[in-house]
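The following paragraphs lead the reader through a single protein chain, from its overall build to selected local features. Please keep the sequence and the model in view while reading.

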Amino acid sequence: MARVFSGVKPSGNPHVGNFFGAFTRWAELQQPGHFYCVVDLHAMTVPHDPAELREQTVDLASWLLASGLDPDTVTLFVQSQVREHSELAWILDCVATMGELQRMVQFKEKAAGQRDSVSVGLFNYPVLQAADIILYQADEVPVGEDQRQHIELSRDIAHRFNHRFGDTFRLPTATLPTSGARVMDLQHPDQKMSKSEESPQGTIDLADDADTTRKKLMRAVTDSGSEIRASADKPGIGNLLELLSAATGRTIPELEDEFAGKGYGDFKKAVAEAVIERLAPVRARYAELRADPAAVHAELGKGADRAREIAAATMADVREKVGLFGAERVRGAADPAEASPA
């Protein structure tokens with residue numbers, strides 16, 4: 001059975017791109033041996049408000065639970081509650097190179113024009129991400145296309161560590177969804193939908209009500225012509241087709257056939273109603289969870305305990321192999337790849 005790990009950062013408002021591109025995939029494929037993490041340490045790479053970070057961490061965990069993740073099946077936890085993430089990140093810092101980090105596209109985009117003033121954490125977070133993944137001996141990492149480069153870096157770092165210190169880590173592979181993987185901004189379909197507030201009318205937040213969701217979709221940018229089809233010259237319509245496919249589970253060719261000869265207005269209405277219907281039970285369950293934060297805290301605590309067991313076994317092996325003083329293997333779990341998450 002494949003070991004799976006993925007994480008999401010508690011910053012900004014989660015939106016339908018997160019939901020269809022990640023949350024629903026995790027819920028549909030979940031089974032024991034899957035680890036899903038709210039990566040709050042990653043949210044510290046830019047200036048942040050401490051109280052807001054804590055609130056957003058619980059809020060995001062609530063959305064994950066509302067989206068169908070079962071904490072009795074998967075291990076759902078908060079990154080900072082398992083200190084082995086930070087420890088392994090430092091050790092991997094001593095394995096990774098400046099050159100490969102400088103090639104990371106996301107750093108180049110986020111630091112454009114301000115490299116002298118951005119935090120070291122913003123430059124270095126792909127190493128922490130690698131630690132997140134290989135700490136649990138992950139075979140697969142379900143991510144969007146924009147994270148593929150980071151998973152390749154994780155593989156490279158793990159391979160280099162294995163070469164220097166002996167077989168230790170599995171080499172993870174990125175797995176990409178077939179639809180909803182890259183939901184684009186409704187007003188700027190050449191840009192990915194983002195959790196930032198730069199384009200509020202182009203982003204459907206999970207917390208939006210049905211009327212707001214409908215209005216945003218009815219105002220979505222379309223393209224010249226009237227044909228409803230997915231093609232490079234019709235990014236607006238292609239994005240709406242992706243959304244409708246993700247919301248209904250139907251293929252884009254099927255949807256193109258259904259809406260052949262119909263107008264953009266009717267098509268947008270269909271997209272809006274499908275998205276609203278798909279999100280309605282999720283939004284209702286989220287409201288219940290937010291009304292009982294203690295229950296969410298308890299589930300995250302249990303998840304952290306399970307995650308810590310696996311992480312401790314991995315780190316015992318790592319400490320011994322890199323020569324740290326006093327390092328000892330965890331008896332009965334000397335092979336972290338065989339340690340049980342249960």
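Helices (H or I, at least four residues) and strands (E, at least two) are here DSSP runs, numbered from the N terminus. On that basis the chain holds 12 helices and five strands. Its radius of gyration, taken over C-alpha atoms, is 21 Å, close to the 20 Å that the globule rule (2.2 Å times the number of residues to the power 0.38) gives for 342 residues, so the chain is as compact as a globular protein of that length. Along the principal axes, the C-alpha atoms fill a box of roughly 70 × 45 × 40 Å.

The model is predicted: local features need pLDDT of at least 70, side-chain atom pairs count only at pLDDT 80 or more, and totals for chains, interfaces and linings use all residues. Residues are numbered from 1 along each chain as its sequence is written, and side-chain values use heavy atoms, with hydrogens and water left out.

Buried residues (under 20% relative accessible area; exposed is over 50% and partly exposed in between, with a 1.4 Å probe and protein chains only) make up 50% of the 342 residues. A nonpolar core is a set of buried Ala, Val, Leu, Ile, Met, Phe, Trp, Tyr and Cys residues joined through side-chain atoms within 4.5 Å. The largest such core has 51 residues, of which V16, F23, L217, L243 and F267 touch the most other members. Helix α11 supplies the largest share of this core, 10 residues. Apart from it lies another core, of 44 residues, including F77, V95, A130 and M315.

Helix α11 (residues 264-290) packs with helix α9 (residues 235-248) at an angle of about 35°, their axes being 9 Å apart; axes are lines fitted to C-alpha atoms, for helices over the stretch in contact, and angles run from 0 to 180 degrees between N-to-C directions. Not counting residues up to four places away in sequence, F267 touches I228, I237, L240, L241, L244 and F259.

Where does Q137 lie? Q137 belongs to the loop between α6 (120-134) and β4 (140-142). Most residues other than glycine have a negative phi. Q137, although not a glycine, has a positive phi of about 55°. Q137 is buried, with a relative accessible area of 1%. P293, in helix α12 (residues 293-322), counts as partly exposed at 34% relative accessibility.

Terms used
Contact = heavy atoms within 4.5 Å.
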